[in-house]
Amino acid sequence: TLDPERKAAFTIDSFIPIVNQVLDPGFIWVKGDSPYKTLADLVDAAKKNPGKISACTTGILSDDHLAILMLQEAAKCEFRLVHFDGGAQQLTGVLGGHVDVAFDNVGSVFKRVGTGEIRGLAVTDNERSKFLPQIPTTKELGFATVISNSTRGVGAPKGTPAEICKVVETAFLKAINSPEMKEKMDAVGLALKPMVGAEYAKYYADLQAQAKKYTEWALKMR
């Protein structure tokens with residue numbers, strides 16, 4: 001909705017946020033044998049070599065793309081952006097030695113950290129991920145403004161009666177809080193984060209405001 005070239009037929013206000021299911025924190029990682037052992041190593045290299053250290057995303061204007069812009073702003077450094085069409089290409093690019101660092105999400109690759117294939121540098125959240133408790137957060141590392149997550153939720157078209165939204169909310173909360181759902185989400189590294197009502201509406205609006213700032217920046221660079 002924030003990119004005029006995409007000519008979206010809807011806006012953020014076309015929907016009513018009903019219930020959030022998952023909050024998958026952003027994750028900055030490199031190949032297992034990368035020379036960058038920490039986020040500080042990566043940032044220092046990017047400062048010394050502006051536009052030379054390649055950082056890849058899972059798509060233009062994705063949460064990963066905006067996370068790179070956040071870090072560039074906070075750390076006063078510049079990466080060379082490489083945009084892929086998804087996580088599979090991203091994984092191939094970094095493990096193949098074609099790209100230096102990936103901006104991704106915990107759920108995409110958390111199992112590969114344990115194998116040593118990849119090395120996690122930071123989780124872009126306020127709290128450590130329960131799936132990667134050994135990996136520090138960007139907040140811990142001095143970049144409190146670099147907070148990026150991929151959330152999955154349910155909404156309805158604007159004007160949907162409140163009683164219908166309430167039925168949907170109740171049904172999804174029951175599913176989200178069920179032992180079966182928790183077990184399946186844990187297996188794939190997705191953290192459940194139920195949000196409803198005013199809390200979810202505020203999160204929805206705050207996320208849009210954050211995205212607007214960095215999307216406008218990205219569009220100027222296009």
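Helix H7 (197-221) gives the most to the lining of the largest pocket, with seven residues. Helices here are DSSP runs of H or I with at least four residues, strands are E runs of at least two, and both are numbered from the N terminus. This is a predicted model, where local features need pLDDT of at least 70 and side-chain atom pairs count only at pLDDT 80 or more, while totals for chains, interfaces and linings use all residues. Residues are numbered from 1 along each chain as its sequence is written, and side-chain values use heavy atoms, with hydrogens and water left out.

Back to the pockets. On a 1 Å grid over the protein atoms alone, a pocket is an open set of points where a 1.4 Å probe fits, with protein on both sides within 12 Å along at least five of seven lines; a lining residue has an atom within 4 Å of a point. Grid points are joined across faces, edges and corners, and volume is the space filled by probe spheres set on them.

| Pocket | Volume | Lining |
|---|---|---|
| Largest pocket | about 790 Å³ | 32 residues |
| Second largest pocket | about 570 Å³ | 24 residues |

In the largest pocket, Leu2, Leu61, Leu207, Gln208 and Ala211 lie nearest the centre. Besides H7, the elements giving two or more residues to that lining are S1, helix H2 (63-75) and strand S6 (149-157). By class, the lining has 17 nonpolar, twelve polar and three charged residues. Nonpolar covers Ala, Val, Leu, Ile, Met, Phe, Trp, Tyr, Cys and Pro, charged covers Asp, Glu, Lys and Arg, and the others, Gly among them, are polar.

For the second largest pocket, the residues nearest the centre are Leu23, Asp125, Asn126, Asn149 and Lys193. S1, strand S7 (192-196) and H7 each put two or more residues into its lining, and H7 has the largest share, six residues.

After H4 comes glycine 116, with a positive phi near 90 degrees.

Finally, the cysteines. The whole structure has zero disulfides, a disulfide being a pair of cysteine sulfur atoms within 2.5 Å. Cysteine 77 has its closest cysteine sulfur in cysteine 56, 15 Å away, so a bond is out of reach. Cysteine 56 is buried at 0% relative accessibility, and cysteine 77 is buried at 10%.

Methods: Buried means under 20% relative accessible area, exposed over 50%, partly exposed in between (1.4 Å probe, protein chains only).
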